[in-house]
Amino acid sequence: MSVGPIGVGVITASITAGFGAAYLLQYLYHKRGSPGASWFMGNIAAVTVFCITYGVSLLVFDPQLRGAAEAVSFVSVCFMGPFFLAFGLDYTGRTDLIRSPLFGVVAAVPISTILLAATNSAHGLVWTDFRLTPVFGLATAQYTIETWGVFALLFSVGTAAVGSLLLIGAILSYGPLYRREATAVTLSTLPPSVGVLLWLFDLGPVPELHLTGPLMLIHVALDGYAFVGTHMFETNPATQRVAEQTGLDKLTEPVMVLDTGENVVKFNERAQKLFERAQTADGLVPLSSLVGDGLSTLRETGEVEIGGPDGGIFAVSYTPLTDPSGDPVGGMIVLYDVREERQRKQQLSVLNRVLRHNLRNEMTVIQGFAESLERSLTDSELQEQAATISRAGDRLLAIGEKVREIDRMQDEVVHVEQIDVESMFARLRQDLLEQFPDATIETDISVSDPTLCTRPSILELALANLAENALKHASPADPTVQLRMKTVDRADRPIAIEVRDTNTRISESETAVLRTGTESPLQHGQGIGLWIVNWCVTTLNGGIEYRYDEGNTFIITLPPE
């Protein structure tokens with residue numbers, strides 16, 4: 001039987017679509033690491049097998065060979081929809097659903113169809129009454145599609161439709177960046193779906209002819225445009241979707257969302273204003289074209305200077321983004337304007353230096369005259385007043401010295417090193433006895449290994465302030481303080497150092513700073529010693545707790561090495 005012009009056209013279109021799909025399969029192989037690419041390779045592989053098998057089978061008139069080819073074509077169609085659904089889930093950042101038991105049910109349908117098709121002659125669950133009914137000189141066939149066959153085909157069409165809806169959602173939600181490719185891929189599912197439905201329900205003028213084969217030519221052409229003509233796998237909507245779940249729209253600072261290739265795929269309103277060119281950007285914007293550096297440089301320097309009317313110096317905060325399965329999909333950069341902070345820091349530094357310098361000089365003068373008056377006066381009441389002035393001067397000078405210690409702590413670059421706590425205690429004890437020669441200073445090391453990895457000068461500053469505070473407020477008859485190192489039952493901070501005295505309870509207003517780290521206008525402490533302790537402990541990534549049990553106890557907990 002000679003093949004007519006229509007038959008030649010059908011065979012040519014089907015086989016051409018098959019080879020076009022094979023080319024796309026080879027192209028996708030190089031993109032297989034991109035989100036969704038591997039699953040779409042499965043879809044295109046099914047298309048390739050179907051188109052070539054069906055096109056060639058139209059020239060095969062042997063019933064057994066023709067029946068075998070029809071089984072391969074049938075099963076290939078059943079795999080197209082589930083593969084396309086998996087592509088849609090992966091491409092839009094829903095890989096957790098692919099790995100869920102629910103998707104196992106989806107995969108079970110086409111896999112079961114393979115087994116049932118291979119054994120169909122024994123049960124007839126897929127089709128019955130297979131027969132050749134040639135038209136246009138082609139070896140077309142007809143058969144009755146049974147329950148499982150109908151279900152498997154409709155299931156494939158339905159899963160393809162769900163995958164299309166996911167891509168439509170990406171088009172509507174994420175703007176022009178994904179519009180062309182997602183639209184092309186979505187439309188590509190329509191021709192084969194129509195072909196399958198026409199064939200399944202014996203519709204159209206030639207029900208014997210499976211029009212899905214030639215219609216696949218449109219499908220492959222649209223997919224080819226999506227993959228080769230655009231940046232389908234250069235980026236994917238999952239990046240923006242995950243970024244939105246982190247509260248992107250709630251941030252008032254400039255925010256840029258990056259894909260895994262360091263391209264900016266989304267700007268918030270503040271970032272659009274900062275980078276004027278971003279307002280009209282409808283494609284991928286390389287990060288380096290905006291800030292002049294790549295991501296690694298930004299993360300290393302921690303800041304960037306941006307020109308323009310809204311520009312300035314910005315601190316850079318980078319947050320990696322992962323999908324629900326933990327796979328990286330990009331990152332989010334938040335820019336914090338540090339100009340005001342630096343100006344305020346500079347102002348505080350100048351004020352601190354001037355006040356500390358003037359305080360020391362002026363208080364030296366005041367103390368000199370107060371001591372001179374105390375020596376020269378004969379009236380005991382006036383002598384006490386002069387002594388009160390002198391003691392007040394001592395306290396103010398002590399505060400100035402504390403401020404100097406804070407400045408030193410902030411300016412000094414202190415590295416973590418291993419220290420012997422027993423030696424530190426001995427050094428502290430000696431220094432304290434020079435200031436308080438009548439004091440009783442006890443030390444206790446109740447750990448097997450008294451070494452500790454920490455920033456020694458900062459820890460020593462905290463302990464010195466606690467011990468000095470205890471001795472200053474102790475009873476003159478029995479000034480006592482105890483330093484103790486011990487272990488505690490905490491996995492995050494297993495080492496503790498206690499500073500204990502036998503004094504009366506410290507007021508709540510003084511110790512509140514250790515609990516809240518703040519002061520209110522109506523309730524505040526009298527000094528800055530506990531503030532220094534709080535800052536030191538925070539710098540050490542430790543914790544501090546206050547207790548009272550026949551004495552004040554401060555417990556500093558420190559992290560492991």
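**Reading the model**

Modeller: Leu154, Leu197, Phe201 and Leu203 make a nonpolar surface patch of about 340 Å². Accessible areas come from the Shrake-Rupley method with a 1.4 Å probe, and for residues only the protein chains shown count as cover. This is a predicted model, in which local features need pLDDT of at least 70, side-chain atom pairs count only at pLDDT 80 or more, and totals for chains, interfaces and linings use all residues. Residues are numbered from 1 along each chain as its sequence is written, and side-chain values use heavy atoms, with hydrogens and water left out.

Biologist: Where is leucine 154 placed, and why does leucine 154 count as partly exposed?

Modeller: Buried means under 20% relative accessible area, exposed over 50%, and partly exposed in between (1.4 Å probe, protein chains only). Helices (H or I, at least four residues) and strands (E, at least two) are DSSP runs, numbered from the N terminus. Leucine 154 is in helix α7, residues 147-174, and counts as partly exposed because its relative accessibility is 37%.

Biologist: Is serine 73 buried or exposed, and which residues is it in contact with?

Modeller: Contact means heavy atoms within 4.5 Å. Serine 73 belongs to helix α3, residues 63-91, and is buried, since its relative accessible area is 1%. Leaving aside neighbours within four places in sequence, serine 73 is in contact with Phe50, Thr53 and Tyr54.

Biologist: How is the span of helix α18 to be read?

Modeller: The expected span of a helix is 1.5 Å times one less than its number of residues. Helix α18, residues 456-472, has 17 residues and reaches 24 Å from its first C-alpha to its last, close to the 24 Å expected. Helix α18 is also mostly covered, with 14 of its 17 residues buried.

Biologist: In what order do the strands form the open sheet?

Modeller: Strands of a sheet pair through backbone hydrogen bonds, either parallel or antiparallel. Two strands pair if DSSP finds at least two bridges between them. Here 6 strands form an open sheet in the order β5-β4-β3-β8-β7-β6, with antiparallel pairing. The edge strands, β5 (285-286) and β6 (303-306), each pair on one side only. Strand β4, residues 263-267, is joined to β5 by 2 bridges, and asparagine 263 stands opposite proline 286 in β5.

Biologist: Which residues does serine 317 touch?

Modeller: Serine 317 lies in strand β7, residues 312-322. Not counting residues up to four places away in sequence, serine 317 touches Met332, Ile333, Val334 and Tyr336. It counts as partly exposed because its relative accessibility is 26%.

Biologist: What separates the C-alpha atoms of threonine 440 and proline 479?

Modeller: Those C-alpha atoms are separated by 6.1 Å, although threonine 440 and proline 479 are 39 residues apart along the chain. Threonine 440 lies in strand β10, residues 440-445, and touches residues including Asp478 and Pro479.

Biologist: How many helices and strands does the protein have?

Modeller: The secondary structure comes to 20 helices and 15 strands. Of the 561 residues in the protein, 46% are buried.

Conventions. Patches are made of residues with over 30% relative accessible area and no salt bridge: like charges are joined within 9 Å, nonpolar side chains (Val, Leu, Ile, Met, Phe, Trp, Tyr) within 5 Å. A salt bridge is a side-chain nitrogen of Lys or Arg within 4 Å of a carboxyl oxygen of Asp or Glu.
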